[in-house]
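Please look through the sequence and the structure below before reading on.

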Amino acid sequence: MVNRKDPDIIATSCGGVVIFKGKILLLYKNYRNRYDGWVLPKGTVEAGEDHMQTALREVKEETGVSARIVRYIDHSQYYFTSRGRTVRKQVFWYLMTAQDFFSRPQQEEYFTDSGYYKYHEAYHLMKYTNERRILVKACQLYQEMMQDGSWK
């Protein structure tokens, strides 16, 4: 069982919910021919980067998409064990937009597919509950911004 009170390691990542023309960008990860599932692009903060820079870089590296940050969404947190040590992972999420539907999965990170999906498709495809929660918040923000005319 993972000890949630005293993690050995605290790791920080940042990622994006990229929405273009109402559709959400997802990646399919397949490591060693086992199902890993559909996920949002995210990755680890590198030295000298702020959270927004990390989120944009990771989206670009993992999907080939040159996104633009629209707004901060929220953060998620989860625990896992790695080599017998407890890791608390914090992920800071940003709502983003793109210029077109182009995407190219990063093969080096075991992403084998990517694409834009309607909300209900993306929600049911996604593997992780914490990412689904972020998707819901992102789509609520997107809808609000579409209604008030601030989505560009």
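This is a predicted model: local features need pLDDT of at least 70, side-chain atom pairs count only at pLDDT 80 or more; totals for chains, interfaces and linings use all residues.

## The largest pocket

On a 1 Å grid over the protein atoms alone, a pocket is an open set of points where a 1.4 Å probe fits, with protein on both sides within 12 Å along at least five of seven lines, and its lining residues have an atom within 4 Å of a point. Residues are numbered from 1 along each chain as its sequence is written, and side-chain values use heavy atoms, with hydrogens and water left out.

The lining of the largest pocket comprises 23 residues, and Lys29, Lys42, Tyr78, Lys89 and Tyr128 are the ones nearest its centre. Sorted by class, the lining holds 11 charged residues (Asp, Glu, Lys and Arg), seven nonpolar ones (Ala, Val, Leu, Ile, Met, Phe, Trp, Tyr, Cys and Pro) and five polar ones (the others, Gly among them).

## Two nonpolar cores

A nonpolar core is a set of buried Ala, Val, Leu, Ile, Met, Phe, Trp, Tyr and Cys residues joined through side-chain atoms within 4.5 Å, where buried means under 20% relative accessible area with a 1.4 Å probe, protein chains only. The largest such core has 22 residues, and those touching the most other members are Val17, Ile19, Ile24, Leu26, Ile73 and Leu95. At least two residues of this core come from each of strand E1 (9–20), strand E2 (23–31), strand E6 (85–97) and helix H3 (129–148), these being DSSP runs numbered from the N terminus (helices H or I, at least four residues; strands E, at least two). H3 gives the most, with seven residues. A second, separate core has 14 residues, including Val18, Phe20, Leu25 and Tyr116.

## Helix H3

H3 has 20 residues and spans 29 Å from its first C-alpha to its last, close to the 28 Å expected at 1.5 Å a residue, a figure found as 1.5 Å times one less than the number of residues. Among the buried residues of H3 are Ile134, Leu135, Leu141 and Met145. Just after H3, Gly149 takes a positive phi of about 80°.

## Cys14

Cys14 lies in strand E1, and it counts as buried because its relative accessibility is 0%.

Terms used. Buried means under 20% relative accessible area, exposed over 50%, partly exposed in between (1.4 Å probe, protein chains only).
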